[in-house]
Amino acid sequence: MLGLLATGGGGGDNGKRIGYGGGNSGDDDGDDDDDYFDDSEDGDEEIGFFRRRVIIQELFNREFVDAVLQEWYKTISNLPAGLRQAHEMGLVSSAQMVQYLSMFGRPTKARYFSRAFPSFFSRGLVGRMLADPSFLHKMTFELLATISSSVWWEMKNRKERFQQEWDLVFLNVFTATVCNLAVFYSLAPCRSYMIQKLPSNIFEKSYPMRQFDLLRRIQSLFGKAAELCLGGLLAGSIQGGLSNVLSSGRERRLSMTVPSISKNALSYGAFCGLYANLRYQMLCGLDRSMANHFDVLGVAVFFSAVIRLLNIQIGEVSRRVWLGEEADLLHSDNLLKTYNGPAADLAIDQQQRGWFISRNAIVSGLELLGIKNGPPEDAPPKPRRKRIVLKK
């Protein structure tokens, strides 16, 4: 019996206490030699909000993927046809399967939207959400930020005409939002299991059977530029035509210039294909870099939101420059009333109906902008010519 009670000893006080851990001496207060929680020999472990993330490689072994399916009580027959074929070819990792089942294996908003849209758009949505689980959140942020920035710019420049020209404001904001979301959706990273030779952006991550070299990334840059240029041409032509139709029926001159249909279409095509394409290409690269660098998710989300907000503000200001839209200060109601007085209100209204502004308003507006009209103040007066009358 005593032999059974002393099986955990081995030190100087064998038999005095029951210790089934084994191997500890009498002067270590019963601490187990296998206790690894106090191992702090590595002094280079980073702590804090800005610590670096440890990248864990994805596992494409079918045994791990099947284990994930068993945890979710799913089988291969429950997967879509494309994903099932990719799983049989070994193109789906265990992490991707977890992301897919967490978003589409139960009733969620993502599954509702994916089933509400057509099949070709649904496949693209699922692939983008597998490549970036925060895709829907980023798209929602882009939508709200673009609308807010466009409306604020319209209110700042139209001033008292904002409510009177609400139809033109809605058309401009709607077109800007659609073009911005189209560029964002087209360049977002997408995990495709079909035939895909080119990446969505030049910084997209490679994965098995989809290795993107430098040549393919350059081809993707120019291919996306041509694709977005055609989309911008279409959107600009429609928006330009509607703007000219709405502005032609106005009795009073607009507070902002309206470009022609051809100029609006070409400007939108160049803006989306060149400028917006390059901005969002760089944004995708920054997103991937921050996601791989920061271990704390909140830090990466914060910097991503700040950069996206700054990108939208820069894009909104530059879009007006590309389109040639600017506030027409000479045709502002307050400016005309201030510089012409109340006695000229009736004449101004009659002139504006004929798309004409008096010379006094133009002179006053030029002086407001710092352009003086007439001779300079320091110029000496011209000498008067004397008339000589000869008497007979």
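Me: Where is Leu230 placed?
Reply: Leu230 belongs to helix H9, residues 214-248; helices are DSSP runs of H or I with at least four residues, numbered from the N terminus. This is a predicted model in which local features need pLDDT of at least 70 and side-chain atom pairs count only at pLDDT 80 or more, whereas totals for chains, interfaces and linings use all residues. Residues are numbered from 1 along each chain as its sequence is written, and side-chain values use heavy atoms, with hydrogens and water left out.

Me: Is Leu230 buried or exposed?
Reply: Leu230 counts as exposed, at 60% relative accessibility. Buried means under 20% relative accessible area, exposed over 50%, and partly exposed in between, with a 1.4 Å probe and protein chains only.

Me: What separates the C-alpha atoms of Leu230 and Leu266?
Reply: A distance of 9.7 Å separates them, and the two residues are 36 residues apart along the chain.

Me: Changing topic: how many salt bridges are found in the whole structure?
Reply: The search finds 11 salt bridges, each a side-chain nitrogen of Lys or Arg within 4 Å of a carboxyl oxygen of Asp or Glu. One of them joins Asp287 to Lys138, with the closest N and O atoms 3.4 Å apart. That pair links distant parts of the chain, with Asp287 in helix H10 and Lys138 in helix H7 (residues 135-158), 149 residues apart. Asp287 is buried at 10% relative accessible area, and Lys138 is buried at 17%.

Me: And which residue does Arg320 bridge to in helix H7?
Reply: Arg320 forms a salt bridge with Glu154, the closest N and O atoms being 3.1 Å apart. Arg320 lies in helix H11 and Glu154 in helix H7, so this pair ties together parts 166 residues apart in sequence. Arg320 is buried at 2%, as is Glu154 at 0%. Arg320 also bridges to Glu316, at 2.9 Å between the closest N and O atoms.

Me: Which residues make up the network of salt bridges?
Reply: The linked residues are Glu154, Arg158, Arg161, Glu165, Glu316, Arg319 and Arg320.

Me: Now the rings: how many aromatic pairs are there?
Reply: There are 9 aromatic pairs in the whole structure. Rings of Phe, Tyr and Trp (its six-membered ring) pair if their centres lie within 6.5 Å; planes under 30 degrees apart are stacked, over 60 edge-to-face, and the rest tilted. Phe271 and Trp322 form an edge-to-face pair, 6.2 Å centre to centre with 70° between the planes.

Terms used: Helix = DSSP H or I, 4+ residues; strand = E, 2+ residues; numbered from the N terminus.
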